[in-house]
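Here are my notes on the model you sent over. Have it open while you read.

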Amino acid sequence: MTKRLKTPLSESDVRSLNVGETIYLDGTIYTGRDEVHIHALEYLEKGKDLPVDFARAALFHCGPIMRKVGEGWEVVAAGPTTSSRMNSLEPQFIEKFRPGAIIGKGGMSQPTIDAMKEYGCVYLAITGGAAVLAARGIKSVSGVEWYELGMPEAVWILNAEDFGPLTVGIDTHGRSLYADVNSKVKENEPAVRERLGLK
Amino acid sequence: MVSETDIQDAVVELLRKTVVKLPSDVEKALERASDAEVDEVPKMQLKAIMDNIKLAGEGNTPMCQDTGVTIFYVTLPRNCGIDVERGIIEGVRRATPEVPLRPNAVHPITRKNPGDNVGDGMPYINWKVGGDDFIEITVMTKGAGSENMSQLAMLTPSQGVKGIKEFVLSTVLRAGGNPCPPMVLGVGIGGSSDICMKLAKQALLRPLSERHKDPEVAKLETELLEALNLLGIGPMGLGGKTTVLGLNIEYAYCHTASLPVAVNVQCWAARRGTVRMHPDGRLEFPVHEGG
């Protein structure tokens with residue numbers, strides 16, 4: 001089933017999603033990976049205001065290649081980065097900043113799944129490496145914050161249209177497509193071992 | 001006579017081809033994987049990958065935003081007489097805005113990014129002297145998502161082939177959907193700890209369709225590949241039939257008391273390229289020819 005969503009993402013829209021559904025997204029998307037998570041939580045601790053508001057927003061685990069065009073920026077390639085690197089910070093990030101969706105690849109661990117259930121956030125999987133396809137869904141770039149962190153680590157403010165296809169990988173009901181695949185892999189493992197002559 | 005500027009130009013062109021277009025053996029393996037999937041989710045993942053490859057080629061754009069770090073393998077003719085190292089470094093520096101490549105190389109401790117993919121030890125160059133009269137430069141642009149899943153084990157000789165299989169299996173299970181599967185595995189066996197890791201990476205330079213020249217090793221490659229694809233991790237770890245696109249092994253003799261095994265994990269975007277620079281100025285790009 002294919003659905004379209006627009007940012008800011010209402011909690012009821014997000015809570016109506018189920019793993020395995022296909023989503024196309026419109027609206028503002030913020031990129032943020034390792035350094036953005038560290039920085040945002042540090043800002044919060046020091047009581048400093050963040051340059052962007054992540055509430056009900058879509059956070060994209062992405063370090064794009066950008067090209068300067070005149071005064072503005074253009075996206076060259078913008079695929080997802082490995083989300084599991086953010087496993088240790090994401091539950092706190094979701095609790096404090098309340099994004100509505102996290103876009104990435106590879107899935108995230110149980111504490112993040114729990115935080116998504118509690119605060120109404122979903123994990124949307126986008127095909128890793130398909131960076132030119134992803135860039136096609138980004139119509140313009142509104143700006144950049146924390147550029148001093150370097151091009152991959154900055155917060156890029158992207159205007160998306162028909163961004164996808166995205167697969168709901170983790171929903172707000174505590175279900176994870178990755179956990180489902182994991183149990184299947186565990187079931188398959190004995191046959192693989194037997195084939196390799198391992199006990 | 002080849003000049004340092006010629007090296008720079010050739011390196012920029014080599015990097016452009018490498019990050020834009022996959023070697024044909026990798027593309028063919030992806031097509032086969034795409035045909036093999038039945039379920040909706042893995043089919044969609046592989047379709048996105050195939051569409052992306054096409055779009056990258058049409059737009060002359062890097063296929064993935066992670067253009068990696070640049071690992072070079074250079075074979076110099078004897079009496080080469082020019083500074084190939086400086087040519088490569090300046091080539092990478094120029095390619096960063098010109099191709100463009102994402103500025104990925106940072107100081108490992110301060111995490112400062114110089115913005116041009118050049119720093120101490122990066123680009124990394126593996127040297128070999130001898131051979132024909134041309135300079136051969138091969139590059140692998142290695143992304144971090146897959147590289148972060150790579151592992152080394154110092155096994156005891158008594159663990160033998162079973163220990164090797166066990167370690168490759170555990171590396172794939174640990175990696176799961178993280179390295180952008182369907183993945184390619186480079187397996188190094190023997191040498192010493194450092195040599196073994198190098199062998200694992202070098203194994204990724206061999207076309208996926210080519211088996212090891214030693215029939216026993218070739219058999220092990222096929223056995224591991226077929227068995228691992230029964231795991232069901234699938235494209236992007238979302239389930240499916242193809243988890244491993246290809247598996248190449250390279251070995252070196254090792255100490256009688258050692259059995260090092262290394263696995264270098266590579267994403268589906270297994271990018272590699274080669275340029276041969278002939279003394280008359282002619283350039284050849286053997287990996288990208290005809291495509």
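Predicted model: local features only at pLDDT ≥ 70, side-chain atom pairs only at ≥ 80, totals over all residues.

1. Residues are numbered from 1 along each chain as its sequence is written, with chains lettered from A and ligands numbered from 1 in the order in which they are written.

2. Chain B has eight helices and nine strands (DSSP runs numbered from the N terminus: H or I of at least four residues, E of at least two). Its C-alpha atoms fill a box of roughly 50 × 50 × 40 Å along the principal axes.

3. Now the sheet. Five strands of chain B make an open, mixed sheet in the order β2-β1-β3-β8-β9 (strands pair if DSSP finds at least two bridges between them). β2 (124-129) and β9 (283-284) of chain B are at the edges with a single partner strand each, so one side of each has no neighbour in the sheet.

4. Inside that sheet, β3 (135-142) and β8 (272-277) of chain B run antiparallel, paired over six bridges. B:Met140 sits opposite B:Arg272 of β8(B).

5. On to the contact, which takes 41 residues from chain A and 44 residues from chain B (residues touch if their C-beta atoms, placed from the backbone, lie within 7 Å). On the chain A side, α6(A) gives the most, with 10 residues.

Terms used:
Contact = placed C-beta atoms within 7 Å.
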